[in-house]
Amino acid sequence: KESHPDKNPDVDPDVANENFRRIVDAFEFLSDPTKKTRYDQYSQHSSYRQQKHRQKAEEMKRQRDVEQRRREDRRAREEKRRHQEQLKKARLVQDRVVRYSTIEELEESMMEHKPGLGLVFKKHLLVAFVGNKKTEQLVDDELLYPYPFAGAGINGILWDDVLQTAKIRFNKATPLTNKFKVPANTKSMPHFVFCKKGSRIQNCRSFRPSSDLDIFRNKLHAWIQDEMLVTNVRIVNHHRAPVRLFRYDGNRNTHQLRSTPLPPGDSVVFQMHFGDRLRVVDGNTDLYPGSPGFSIDLFENLSEKQVAGVLL
């Protein structure tokens, strides 16, 4: 009775009539014993199906959670294994890091006098400034300094031939820290300096760390490899035939330097990284980087002033 349209004047007449009709139909349906039995059976079956569906969904979610934890555990184990391997490699080369305490020691072992330039570095120098024992431990055990820039390197090169790694300890401003413009408040995190071969101390570059060690390590490596150890190389083709040029980087990736062969007598300038291997193949017959040809390893040619050109 409460649902009768006459009892609900505030409700739209069409809506009130439809609601009342549905209630009457339901009452008539459930008043029939046979229909009510079918309804009860269907309701129980529907409830059972909904329960099974919920159980299946919960089981699938549980399996997804288990698989996710397994993937995370595998990644953690792989990361731990990788770090242990890198730590072993780092330990093998950490004894090659030299330590300087005075500017005189540095100048005597790493620098030479060049007319018109004064004192310049005899080879590349990478220095880690550490303000206390905790920071030094972070450099050795977490950043794995000087790995991977020591010992055997990419494409079979030896880093020690072209790059000297060093460490300088300090607890206050010294002539060394002042010379390299190292902030006196560098205590909790290390400070890195890179000096290129043939440059003066005033031209050394600094790298300031991030508080996130993984980001710090990745950015430090990228800064050294992609910014410090690069040079422009001029390539001149002195052959009678055009040649194709490929660059092999330290990750064993192959990059074609030109979409078309370099014609005879022409030259081109590319930016190359330390340790890159330049592969030259005949442009008329060889169309893939594994073709017969010859390679040029860019080991010592890291200063643009030293590289007048690569003659092919």
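Analyst: Happy to! Let's start with a pair of facing residues: Val98 stands opposite Ala166 in β5. Strands here are DSSP runs (E, at least two residues), numbered from the N terminus.

A word on the source: this is a predicted model, where local features need pLDDT of at least 70 and side-chain atom pairs count only at pLDDT 80 or more, while totals for chains, interfaces and linings use all residues. Residues are numbered from 1 along each chain as its sequence is written, and side-chain values use heavy atoms, leaving out hydrogens and water.

Strand β4 (residues 124-130) also pairs with β5 in the parallel sense, over seven bridges. There, Val130 stands opposite Arg169 in β5. Six of the seven residues of β5 are buried, so the strand is largely enclosed by the rest of the structure. Buried means under 20% relative accessible area (1.4 Å probe, protein chains only).

Now for our residue: Gln164 sits in strand β5 (residues 163-169). Gln164 is buried, at a relative accessible area of 15%. Leaving aside residues up to four places away in sequence, Gln164 touches Arg96, Val98, Met110, Lys123, His124, Leu125 and Leu126, where contact means heavy atoms within 4.5 Å.

Technical notes:
Helix = DSSP H or I, 4+ residues; strand = E, 2+ residues; numbered from the N terminus. Buried < 20%, exposed > 50% of the residue type's maximum accessible area, 1.4 Å probe, protein only. Pairing = 2+ DSSP bridges.
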